[in-house]
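Student: I have a structure to read and I am new to it. Can we go through it feature by feature?

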Amino acid sequence: MIDERTTRLEMSRLCKSLFDRGFSVGTAGNVSVRLPDGMLMTPTNVRLGDLEPERISKLDANGTHVGGDAPTKEVFLHQAMLDTLPEAGAVVHLHSTWATALSCLSDTNTDDCVPPLTPYVVMRVGPVKLLPYVKPGDPRMGDMIRALNGQFSAVLLGNHGPVVAGKTLASAVAAAEELEETCKLLIALRGLPMRMLSSDNVAELNATFGRI
Ligand code: ZN
């Protein structure tokens, strides 16, 4: 079991990495990690590049703020993902450009808005659900995620951005990066005759690798 201090340091390091590479700008984006006695969450109005480990918000298992700075106002979506995905250890929410661009398109399949273009999006992200727009911090965001009953480890919030869960913080970050790059490819290829992986290809990947 990794101790809380180590988790706080890893959150700061990986969030800074996301920020430094442009996956998050301004104070956009927030990250949560499950703990044995609750969860850690990035504070509200802080740049992901400037997280101070000891000021990261701590919430107990009921979602009550018990330490550090006040948590992100998007706390509902993190709680809903962690509650409905028991195997998930962390959740990354970004406003990264290409995934957010895809979340603004009106002609996507909302039940599978990121089709299997490459093996790594299948292996790391899986199917992605596009949810309707609600304002940031609206508790209905959590309700909509809970209604999915853990069927999706990644969702796109309409006109807002991606939310991606992973077994560990490192795998959630890697999945968020893979999703962003895949959305970039999908938009770059729009209007061109795309060849997706077949359902047999996807089944083979799922049988061989599961969700890494
Ligand atoms: Zn957001």
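**Reading the model**

Tutor: Start with one residue. Q79 is buried, because its relative accessible area is 15% and buried means under 20%. Keep in mind that this is a predicted model.

Student: Where is Q79 found?

Tutor: Q79 is in helix α2.

Student: Which residues does Q79 touch, not counting residues up to four places away in sequence?

Tutor: On that count, Q79 touches M39, N62, G63 and R146.

Student: How many of the 10 residues of α2 are buried?

Tutor: Eight of the 10 are buried, so α2 is largely enclosed by the rest of the structure. The buried residues are V75, L77, H78, Q79, A80, M81, L82 and T84. Here is a general point on helices. An α-helix has 3.6 residues a turn, so residues three or four places apart point the same way.

Student: Now the strands. How do β1 and β2 run?

Tutor: They run antiparallel, and four bridges join them. Strand β1 covers residues 30-35 and strand β2 covers residues 38-41. The two form a hairpin, with two residues between them.

Student: Which strand pairs with β2 over three bridges?

Tutor: That is β3, residues 57-59, and this pairing is also antiparallel. Within β3, K58 is the bridge partner of L40.

Student: Next, the metal. Which residues coordinate the zinc ion?

Tutor: The donors come from E74, H93, H95 and H160. E74 is listed with two OE entries, and each histidine gives its NE2 atom. The distances are 2.0 to 2.5 Å. In sequence, the donor residues are spaced E-x18-H-x1-H-x64-H. E74 and H160 link distant parts of the chain, 86 residues apart. E74 is in the loop between β4 (65-67) and α2 (75-84). H160 is in the loop between β7 (154-157) and β8 (161-166).

Student: Are E74 and H160 buried or exposed?

Tutor: Both are buried. For H160, the relative accessible area is 7%.

Student: What does H160 touch, not counting residues up to four places away in sequence?

Tutor: H160 touches E74, H93, L94, H95, T100, S103, P136 and M141. Another way to look at H160 is by C-alpha atoms.

Student: Let us turn to charges. What is the general idea of a salt bridge?

Tutor: Side chains of opposite charge can pair when their charged atoms come close. A search of this whole structure finds 12 salt bridges. One of them joins R55 and D69, with the closest N and O atoms 2.9 Å apart. That pair links distant parts of the chain, 14 residues apart. R55 is in the loop between β2 and β3, and D69 is in the loop between β4 and α2. R55 is partly exposed at 40% relative accessible area, and D69 is partly exposed at 27%.

Student: Which residue forms a salt bridge with D107?

Tutor: R190 does, with the closest N and O atoms 2.8 Å apart. This pair is 83 residues apart in the chain. D107 lies in the loop between α3 (97-103) and α4 (119-124), and R190 in the loop between α6 (169-188) and α7. R190 is partly exposed, at 39%.

Student: What is the N to O distance between D138 and R140?

Tutor: It is 2.8 Å, in a salt bridge between their side chains. D138 is buried, with a relative accessible area of 8%.

Student: Which residues are linked in a network of salt bridges?

Tutor: The network links E4, R8, D37 and K58.

Student: How should I read backbone angles?

Tutor: Most residues other than glycine have a negative phi. N45 has a positive phi of about 55°, although it is not a glycine. N45 is in the loop between β2 and β3, and it is exposed at 63% relative accessible area. N149 also has a positive phi, near 55°. Its place is in the loop between α5 (140-146) and β7. N149 counts as exposed, at 61%.

Student: Last, the surface. Which residues form a nonpolar patch there?

Tutor: Y120, F209 and I212 form it, with about 290 Å² of accessible area together. F209 is in helix α7, residues 199-209. F209 is partly exposed, with a relative accessible area of 43%.

Terms used: Residues are numbered from 1 along each chain as its sequence is written. This is a predicted model: local features need pLDDT of at least 70, side-chain atom pairs count only at pLDDT 80 or more; totals for chains, interfaces and linings use all residues. Side-chain values use heavy atoms; hydrogens and water are left out. Two strands pair if DSSP finds at least two bridges between them. Donors are N, O and S atoms within 2.8 Å of the metal (3.2 Å for Na, K and Ca); water is not among the atoms, so sites may look incomplete. Buried means under 20% relative accessible area, exposed over 50%, partly exposed in between (1.4 Å probe, protein chains only). Contact means heavy atoms within 4.5 Å. Patches are made of residues with over 30% relative accessible area and no salt bridge: like charges are joined within 9 Å, nonpolar side chains (Val, Leu, Ile, Met, Phe, Trp, Tyr) within 5 Å. Accessible areas come from the Shrake-Rupley method with a 1.4 Å probe; for residues, only the protein chains shown count as cover. A salt bridge is a side-chain nitrogen of Lys or Arg within 4 Å of a carboxyl oxygen of Asp or Glu.
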